[in-house]
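Welcome, and thanks for taking a look at this one with us. Here is a short briefing on salt bridges and nonpolar cores, to read alongside the model.

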Amino acid sequence: MGRAMVRIIYREIAGGAAFWGPLAGLGLLILVGLYSAWYMEHYGHIVTGMGNRIVWGIPHVFAIFLIVAASGVLNVASIGSVFGRVPYKPMARLSGLLAIALLTGGLTVLVLDLGRPDRLIVAMTTYNFKSIFAWNIFLYTGFLVIVAAYLFVLMERQMSPYSKPVGWFALIWRVVLTSGTGSIFGWLVARQAYDAAIMAPLFIALSLSLGLAVFILVVWTICRWEGRELGSGLLSRLGRLLGIFAGVVLYFTAIQHLTNLYSAEHWGVEAFLLWDGGVYPGLFWLVQVLLGGLLPIALVFHPKTASKPGAIVSAASLVILGGLAQLYVIIIGGQAYPLVMFPGMEVHSVFQDGVIASYAPSLPEFGLGIGGVALALAITLVGMKILRFVPQSLADKTVDPPPAAAEAKAA
Amino acid sequence: MGSRLLVVFGFLAAIGVAWHGPFPIFSQAVAAETGQSGRVPVPAPARGKGDACVADTDFMRRNHMAVLNHQRDDTVHEGVRTKRFSLKECIDCHAVNGADGVPVTVEDPKHFCRSCHDYAAVSVDCFQCHASRPDTAAMSVSPDEAAALSLRTYLAGVTR
Amino acid sequence: MNKLGDTERPEVADAREQTDVSRRAFLRAASALGGLALAPGVTLYAFGQEAEVRPADQAVTSQHRWGMLIDAGRCGDGCNACVTACADEHGWDADAASPTDAHWIRKVELRDPEGGLKRTLPMMCQHCASPPCVDVCPTGASFKRADGIVLVDKHTCIGCRYCMMACPYNARSFVHEPLADQKPYAPRGKGTVESCTMCVHRVDEGRQPACVEACADTAGGAMLFGDLNDPDSEISKRIASYATVEIRADLDLDTGVRYRNI
């Protein structure tokens, strides 16, 4: 009746050149990131492409990507603990590790981009609780603690009865956290491209999609490096779930823009983002919708490609690319469009009122953003080496043994 | 492994005790080093204007930061602009003139705050935002001129 | 506009006003000088705006609510007096035009595409009663003083720039490079956000903001500063007598700065 109980064995990843080589590379990128942060702090933000109109740039695109993906990558563990799907349970530990790693990377980028990063202590002790940003600081650091607790109950055999309640708590915390991240933009009444309740659920969908895409890439990569089996059935299953999440992202995006298009007030910003805004429509239609949405969905569902690991991994990479483009359009496109202070009037001033702001990302910004990604990957790599996060095998018959075999055994 | 750690730690602890503690021979040597022999600079802050500071030196040495922190919150949030612990007043009195007779900024090691803060290796954050020397032009106008200007503004306003 | 509320041609209005000015100015100047002579500690606030300047050791209260009234009809196209005055007062560059340069106040030119009518007006922090910048600041560095002036506490500001995203008027600037020789009464530094302070250091001494003073003294006299809580103040009387608007009034922010003829 039930499934045969196949015991999942977890093992640390091997050391040697396959570990130290990539770690050294990541370490170098982290150093580049730290140097970029020092350079920006020492000379001031004038060395970046950000100014008084575009105040959040490439570092924030990376930071929010990492933070949103961190929340979503834990979904793999939630599906196992909270929703009881057996094939997902062996992947829960790695999902938790990735959640901590990605969030740490994202927070590091965010903090190092601050105008006064030396005042981090102030940010962690002085709160204005009317600010969703303040709540997010609290939610992010709390998330790290909760995932650590979640990993503890997952990895300590005697604590396994607690994995469901802790899993539920982590799930609810994650929904609040990601809604909060979306609301950072959604609650800004001032800007035409924001000020929308849909930003919260859009970010939830984005987190699920991006988190799963990152998870697929990491688990496939590490299984290949370590020579551990990753069942094509499991991978296809993850791929189909990714396709569903990518579809939900497309849905919320469509609703957001269709709603805006219906009101004359928002025609200006919609024309800018979707039609004549230069780089923004290009990123939106080509990278976000086509490459990051429609193509991956086709890859994971089309019968010719659905069972091929290469196609699933490509789909995951494309979803990540699309997610970065989507965040760029939201964060930077939303700032590039001018504030509408005098509706219907043509506005002009020395402070760039009434004009589309231009933004040219600078090298330190990319350095910092990529440094954050490298930090997240380095934490994951080191974690997998020291503790038992990765199952010995994720073969289909191991994670999802067929019920027929159990009945035959029982008989 | 554990015993090796213990030996190293114990050695370091012994050095620390000897340096500061009941064996005066070491601390005397240190005192002689950092005293008048000149190997380590001793802070010699310049005298401020007037007879005395707004509080006695010992109090100020220990508490000037607490006093300034409290004053800044009062000034910024409550608009309290008492002069006693105002940073601007401190700078006005404690300005150190350079070779050209003009007060030096915090870039110059002769600056009053730096003479102790360099020694103690405690970085001073204030002057990223605050002017580190009195504004030689002081207010843009004198108080009487300011009152007359305000009056003219008011008159121009009501008589339109 | 004349006393009956009709719009007059500028030359007619000016001519009429000059006679008014000379008559009333004499009376007021006489009493003003007398007042100054009698009570040296009392400034213009004796004249219907505030009984006396708040003592230095007393905390500010919500008894007053400072505001401004700007008449765009009197604002000269090409005149930059307010901007220059603010820049000189606080130590930033009025002529700088790169996206990283600070502007606490700027002149905005409007043009109505229907018919081509042009107007110009100064734009600065609107000192809202419900400021979005105060709501979003994670550390509470962006705050509203009891008397309505919205400020940045630069000791607490971490430079996250979220308030700049939230401000509906693009009123805030970020300091993008190290600064030196700041004005002692206007501290500003790299990595923090700043905006118009309504010359809080002047207001606390009973003076007027630099922009208002410069406009009255050397330009069109388009700006008026006063206590919105005092029904007898000039600004309150004017707001009660003719139509004034807030910019982006639909956001319901109850700004301290109001405009006329925009």
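Which residues have the most contacts inside the largest nonpolar core? They are A:F185, C:Y162 and C:M223, in a core of 190 residues. Please keep in mind that this is a predicted model.

**Nonpolar cores**

- Over all chains, the structure holds 26 salt bridges.
- One of them pairs C:R106 with A:D353, at 2.7 Å from N to O.
- C:R106 sits in strand β2 of chain C (residues 105–111), while A:D353 is in the chain A loop between β1 (346–349) and α13 (363–386), so this pair joins two chains.
- C:R106 counts as buried because its relative accessibility is 1%, and A:D353 counts as buried too, at 3%.

**A salt bridge within chain C**

- C:R65 and C:D254 form a salt bridge whose closest N and O atoms are 3.4 Å apart.
- C:D254 belongs to the loop between α7 (234–241) and β9 (257–260), and C:R65 to the loop between α1 (10–38) and β1 (66–71), so the bridge ties together parts of chain C that are 189 residues apart in sequence.
- C:R65 is buried, with a relative accessible area of 15%; the cut-off for buried is under 20%.

**A salt-bridge network**

- B:R81, C:R54, C:R145, C:D147 and C:D204 are joined into one network by salt bridges that share partners.

**A salt bridge within chain A**

- In chain A, A:R116 meets A:D118 in a salt bridge, with 3.0 Å between the closest N and O atoms.
- A:R116, by contrast, is buried, with a relative accessible area of 1%.

How values were computed:
Residues numbered from 1 in each chain as written. Chains lettered and ligands numbered in written order. Predicted model: local features only at pLDDT ≥ 70, side-chain atom pairs only at ≥ 80, totals over all residues. Heavy atoms only, no water. Salt bridge = Lys/Arg side-chain N within 4 Å of Asp/Glu carboxyl O. Buried < 20%, exposed > 50% of the residue type's maximum accessible area, 1.4 Å probe, protein only. Helix = DSSP H or I, 4+ residues; strand = E, 2+ residues; numbered from the N terminus. Core = buried A, V, L, I, M, F, W, Y, C linked by side-chain atoms within 4.5 Å.
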